[in-house]
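Please keep the sequence and the three-dimensional view at hand while reading.

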Amino acid sequence: MRMTIAVVAVLGAAAPSARAQEAAVAGAAPAAGAAPAGAAAEADQAAGEVAAEAEEVPEFDKLHTPDSPAFVILGVSPTEIQRPTTPREVSLSLSTFLTEGDSLTIPKNLALEIAPWWLWSHPDLTIDDYGRGGVSSLWRRLTLSVGTATDSVTTTDAGGMAIETSTTDLAVGVRTGLHDGVSRSSCAARVKGVDQKLRALATSTALALTRAQDNALMFASVAAARQAEVAQKLDEVKIDAEDEADIVRDNREPEKREAARALAIEKKKSAVLLADLVEHDDGNVAYQAALTRLKQERVRPQLEALEAVFAECAELEAARRGFLVDGGAAWAWRFPEASASDGRFLAWSAWASASYQTSWLSAVGLVRSQNQKPTANATDNYLDLGGRAIVARKKIAASAELVSRWLVGKDDMDDRDSWYWHLAFAADYMVRDGTWVTVSFGKDFAGSEAGSLFSTANLKWGFGEPSVKLPASP
Amino acid sequence: MPKTISAVRVAIHKVASDDDKIVARATIGEGQEGAWSMHLDDKFIKGGTAPEDVKLGTARKLRGSLLEVSAVIKDVRKETDRLTLTARVTPGETKPKAKISQSGDPGDNATYSIVIHFV
């Protein structure tokens, strides 16, 4: 009978009412449960300020990602000049996925870009460390890309017969951020009141169990077959002489001594219960599950109020400001008829792009060196200098770019032009979150040759990570 | 719509010597935004956003106590959707590792509690 009473008493403590838990947490942590009205109003005002700031950041700045270096060297990127940006863990780009007689087709162009540093967890990287930039950010912003592009070339043989040969180009690229722009401090550090609200939320969503409550949860998790045995062990727990001496020394008032004795007993019971849970998986699993359920109950009603602020913080974080510099390089090979044995080196390219970004305008400059091998025995060296201006507002962005190209080290016998230029205009519109339509047109480097004018219409789809881009060919 | 991930991890910390002065440290990793708080049994000890060493007391007094490191974390990183909380208690040995790391979708929240029993 005594054992039954003991079990009921323990189980009674195992399920404290939600109100009792609220009271216990509020009493233990006044910063969370009893935040002054002024502080709450300040935090609400802070939320409004963050939302207003986020509202001013164009969607183009928040989510747009540039084409991978592998795509750029293959010449299947809508624009020549890519604005420095934050890499994603993994992103996938597909080109020429739709159309060809209005039917679906296997993508001719495919690029995969990974940011290797982010493939592993970094539990010690704080938001302040991230914002500081420095040499370590070179590695953090490094991306590796691989891409393919398929095309066909028509030539004529000695008899005048047209021969169509398919070519598959393969490219690999590397890119990193050389300068990170203005360090971004956390939302909590930047906006007054958000830090306080976050700390209060961390405190108020804590389990904050008393020793007795946790013992009750542990006891309830002990398998029914062992409860009688464990209850007997708990009943035999006593305060030893050393603990009693400590209690007497540390607590002069009788009431405090009694409380200290009760706590000392609970601590010793905790050791008995833990020993059982460590020994038996069933109890351990049940204990962890009980704590998780309790956590979910504590959290559910409290997070909705801050969700809006948090979401805006995330959007602010994605948009960068100030002076940014990216550097990259790419190498490409060509494989006629997709034959690996017939492959040859096609081109390499190295470039640096620098941008200055304000809230609505970005100016980007490009310096690029290219080495191309149009045939197995010929080599062309090019130097490109270019600029791009991007105006972004809300869901719309427009840009214009001009790239000047010089053929360097040309032979006197070579009758080709030494100078070429590329001009492109592009407009982007966000149809809905993560989905962009891009239309671009202009003149390519091909001089006055027929076909130098181009136009593209692209659809970019974002699914978070990875993102998928589905541009249609001109 | 972002979702909220809730998780609890239980660990046992074995203190080495009765006279050891125990220190705990909470870190919100992956460059994410958030805040942490520490409770010793049901008593609030400290809260913050940046990692900080928190003195808990001597090992002898901590035996049988319960340290809870709780945190709210927001996925603000474009590069990753991992949300990680680590608690380090020194000196002594914590088993299993006092760490919760889960991956959500972009913009998700996490609310974690790491419960450490001192033995």
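## Where the two chains meet

Two residues are in contact if their C-beta atoms, placed from the backbone, lie within 7 Å. The structure is a predicted model, in which local features need pLDDT of at least 70 and side-chain atom pairs count only at pLDDT 80 or more, while totals for chains, interfaces and linings use all residues. Residues are numbered from 1 along each chain as its sequence is written, and chains are lettered from A and ligands numbered from 1 in the order in which they are written.

How many residues of chain B are in contact with chain A? There are 57, and they are in contact with 59 residues of chain A. Several strands of chain B each supply at least two residues of the side that touches chain A, among them β1 (4–14), β2 (21–28), β3 (33–40) and β4 (43–48). Helices (H or I, at least four residues) and strands (E, at least two) are DSSP runs, numbered from the N terminus. The side of chain B that touches chain A divides into 18 nonpolar, 24 polar and 15 charged residues. Here Ala, Val, Leu, Ile, Met, Phe, Trp, Tyr, Cys and Pro count as nonpolar, Asp, Glu, Lys and Arg as charged, and the others, Gly among them, as polar.

## Two helices against α14 of chain A

Helix α13 (residues 241–250) of chain A packs with helix α14 (residues 254–279) of chain A at an angle of about 150 degrees, and their axes are 9 Å apart. This makes α13(A) roughly antiparallel to α14(A). Axes are lines fitted to C-alpha atoms, for helices over the stretch in contact, and angles run from 0 to 180 degrees between N-to-C directions; angles under 35 degrees count as roughly parallel, over 145 as roughly antiparallel, 65 to 115 as roughly perpendicular and the rest as oblique. The crossing of α13(A) past α14(A) is right-handed; a crossing is left-handed if the near helix is turned anticlockwise from the far one by less than a right angle, and right-handed if clockwise. From α13(A), the residues A:D243, A:I247, A:V248 and A:D250 meet A:R257, A:A260, A:R261 and A:A264 in α14(A). By class, the residues of this contact are four nonpolar, no polar and four charged.

Helix α12 (residues 224–235) of chain A also has a contact with α14(A): the axes come within 9 Å and cross at roughly 155 degrees. As a result, α12(A) is roughly antiparallel to α14(A), and the crossing is right-handed. Its residues A:R226, A:V230, A:K233 and A:L234 make the contact with A:K269, A:V272, A:L273 and A:D276 of α14(A). Four nonpolar, no polar and four charged residues form the contact of α12(A) with α14(A).

## A sheet in chain B

In chain B, six strands form an open sheet in the order β4-β3-β6-β10-β1-β8, and the pairing is mixed. Two strands pair if DSSP finds at least two bridges between them. The edge strands are β4 and β8 (93–95) of chain B, each of which pairs on one side only. On average, neighbouring strands of the sheet are turned by 20 degrees against each other, direction ignored.

At one end of this order, β3(B) and β4(B) pair in the antiparallel sense over five bridges. B:W36 stands opposite B:G48 in β4(B).

## Buried and exposed residues

A residue is buried if 20 or more other C-beta atoms lie within 10 Å of its own, exposed if 12 or fewer, and partly exposed in between; C-beta atoms are placed from the backbone. Helix α10 (residues 194–204) of chain A is mostly covered, with nine of its 11 residues buried. Among them are A:V194, A:L198 and A:L201.

Is A:D414 buried or exposed? A:D414 counts as exposed because it has 12 C-beta neighbours inside 10 Å. A:D414 lies in the loop between β9 (396–408) and β10 (419–432) of chain A.

## Backbone exceptions

Most residues other than glycine have a negative phi, and most peptide bonds are trans. A:A208, in the loop between α10 and α11 (211–221) of chain A, has a positive phi near 45 degrees. A:A208 is buried, with 30 other C-beta atoms within 10 Å. B:E30 has a positive phi near 60 degrees and is found in the loop between β2 and β3 of chain B.

A cis peptide bond joins B:T90 and B:P91, with omega about -10 degrees. Another cis peptide bond joins B:K95 and B:P96, where omega is also about -10 degrees.
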